[in-house]
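Have a go before reading on.

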Amino acid sequence: MKRRTFLAWTGLSLGVAASTPPLLRRVLPGEVHPHEADPASELARARSLGKPLLVLVDPAAVDPDRRGEASECPLDFAPSDEECTAAAQARWTRQPVFGAWLRHSPPETLALLALCHLTSARLEPLRRVVDVDVPAGEVPWLVLVESDEERARALPGAPPSHRVADVEREPDEEFSVYAKRRAAVEEQAMLATLAVLTDGLASLLDSRPQAERAAQVAATLGPKRTEALLGGLRDGGTLDDALAFRAGALALERAPQQRLAEVSAAQAAEASRVWTDNAPRGAHWARSGGCGTSTVCALPGKAPRGGVGGCGMGRVPALSRDFLAFFVRHA
Amino acid sequence: MSDVGLGFSLQPDAQFLALTEELLEHVDLVELAPETLWRSAPRGAAQAAETAAVGAGGTGDPSPGGHAGGSLSWEPNGYFATCLELARRHGLGCIAHGVGLSLGSVEPSPVRRRAWWRAIAQTQAAFGFRWYTDHLGVSCPAGEELTLPLPLPFDTVHERAVRRALAELRRLVPLVGVENTVTYFSLDEPLAEPAFLGRVLSGSGSCLLLDLHNLWTAAGHGGFDPEAWLDRAPLERVVELHVSGGSWSPPEWLPSGRSLRLDSHDEAVPEEVFALLEQVLPRCPGLRAVTLERMEGTVEEAQLPLLEDELRRLAEVLGRRAPLRALPDDGDRCGAPETTSSPVSPVSAGAVHDAAQDAALDAAQDAALDAALDVERRLVSLLRAPDPEAALAALLSDPQLSPAARRALARVDGDGLRLASLLVARLRFERLVQGAPDGAALFTEDRAGFTEDFRRYHASQPSLSLAPEDEWQAFAHWRQRAPARDRPG
């Protein structure tokens, strides 16, 4: 193709792209939507850290025939489209489980998670980057990609559902009694789900010795930070939580026996800070809403922090009444 | 009426949801404000989304009606999944009733609108709302997130703005509509509202949500007869009726000592509202649901019997013995016969014009749009003014004020304006406290000092975001750079 013709075609293509209404812009199933984490760059980041990439798999689906917008139904989807609705609902049922796992797990689990670089992604874009061995149609909960491999391993089997829609109310049972009973079942189911995730992660990480993981981290840490880590681990040294978190398996490998618990606790504390304040890229759960709503992703039975108001209505909560009393008085 | 569904509003509040779940056994539908299920997306994702939109042909330019400081993108918060699970557990249909879309904004920020459409599409995908309504009003005037739906003039410019917003919304949800809103002052003749609603809703798939407590309250504020309003309203377009209670503002809020009825959804449904319900039911042939509304934070265990009684009473009025569960199909339009265009008006008339006429029409449209934007800007300045009534008096004595703005603002009731300004301040205060790391302690540790800071901040700084964390960051930034005379302490 002549250069001028090539440029003309390129210009035409760009013109068409630029004139596409932004609301209708689509990505193919394997492509990454701007809202999502890009598995390729997340894997590159994991490799630069010498850590395995742990993917919390997002079950949102894309219909290849409709070439719908990834992670959401396309804006022109038929509102009666049950497949689209089911995919969206699956996504928002699973995400809070991940949220609860990262926000409410004990320090041991967080320390385990600190060995990995975390992200959340759909299976299709991930498969463009690595081979993921799962049966067709199955969406695993976790996928682990070792930093020196092109294959990924998935958490086998489906964790128990945390949904408790099948807890029936007994005839003549008081609703408050039923609700309490159901909440207890729900909490147990959620805890069981979280335990399956934790055990699954442990088994995925067990596939290679910790010394090998430590060596991978060491290769990326650099002499200055390695020395800072080792200095912090010596007798009388002060451990840097963020560095212990960054160094993952290496920090555990080099820690003297008497300071192992301290290193784990530091890693857990940092993991909690990192994943509570900023969820892993691509993950979807929340602390606050657009209209003054409140913390969520609590385990069942653990009430979130209450919000003070809603959007635009005339109700004035007690705190706001107090505020207005001052506001009016000093006007 | 036995095939009309009974609905109840769900609120993003753990205690509210736990306490009222028992009531869901009596209903067929739950109603949600979609934006209460969202949070602002992390900044990186928001910028990526907007960059992608711009790269694909969006203007990305938030001005005019700018939205430079607000959140660009929304994503579900945890109540999204909680409410979805609740609806599924009880096998209930879902309907959406928002507050913040700002249907009446004459020149909405394209950035803001895109963010809302994306979030609504995502929410619709999960909840499958049977219809989506928002308030007739402007909650984001001149690009400021005041979050309280403000009144609008019932003119052609606003008619076109609301119709355009509904048409865009209808691409995402099969049925859309507007609700008659409680406003605390008016910019037009209150009894012109029903005819305006008729014009706005005259397309396919556009419905009226008739809120009977709002009507009763607005009639009290505006001094008109609710029956006269109903006689003029497009009742054939009513898809849903809202029933709720409210309370009165404390006399000490207004220098006049006057109390105004608040749209607060916090008390028992007044008998007057039940009477309106019985009166209006036979006149709404397309009615699909009657919804009882309650706000978060207004339900203690002691109130549950009252709410249960109110739902039973509504079921009786509708002539139902048990929840329907399987509601009739909504179809794709409200019960009214189709009309393809709004009644002829000077600017929107579909007649053939020559070039000179077209140019004259364009000029008239531009002038009308400028005037409407001018009113939005003036309203914002009044509502954030330290003394709104004094600011209004000064404005009306300004000879530079455009005739359109003067006409609209001359109708404004001083008490109503002051009350609306208090509600705007209170909503901003709530966002600020919600976004602050130490929450309510920000206020409770030094009530007078904080209030004084807030007053200066509120009067001088535009309100650019719905997101609590954005409000907190803006406030913290202002405190750091405020001139010495404005600095707290």
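**Exercise 1.** Find how much space lies in the largest cavity, and what lines it.

*Solution.* The largest cavity holds about 200 Å³ of space. A cavity here is a set of points on a 1 Å grid over the protein atoms alone where a 1.4 Å probe fits but cannot get out, and its volume is the space filled by probe spheres set on the points. Next, the lining (residues with an atom within 4 Å of a point): it has 23 residues, and the closest to the centre are A:Met313, B:Gln11, B:Ala33, B:Glu293 and B:Met295. Sort the lining and you get 7 nonpolar, 9 polar and 7 charged. Gly counts as polar, and Asp, Glu, Lys and Arg as charged.

A word on ground rules: this is a predicted model, where local features need pLDDT of at least 70 and side-chain atom pairs 80 or more, while totals for linings use all residues. Residues are numbered from 1 along each chain, and chains are lettered from A in the order written.

**Exercise 2.** Work out how helix 5 and helix 6 of chain B pack.

*Solution.* Start with the geometry: helix 5 (residues 156–169) and helix 6 (residues 193–200) of chain B pack at about 45°, axes 9 Å apart. They're therefore oblique to each other, as angles under 35 degrees count as roughly parallel, over 145 as roughly antiparallel, 65 to 115 as roughly perpendicular and the rest as oblique. Now the contact (heavy atoms within 4.5 Å): helix 5 of chain B brings residues including B:His158 and B:Leu166, and helix 6 of chain B brings B:Phe196, B:Arg199 and B:Val200.

Definitions and conventions: Side-chain values use heavy atoms; hydrogens and water are left out. On a 1 Å grid over the protein atoms alone, a cavity is a set of points where a 1.4 Å probe fits but cannot get out, and a pocket is an open set with protein on both sides within 12 Å along at least five of seven lines; lining residues have an atom within 4 Å of a point. Axes are lines fitted to C-alpha atoms, for helices over the stretch in contact, and angles run from 0 to 180 degrees between N-to-C directions. Helices (H or I, at least four residues) and strands (E, at least two) are DSSP runs, numbered from the N terminus.
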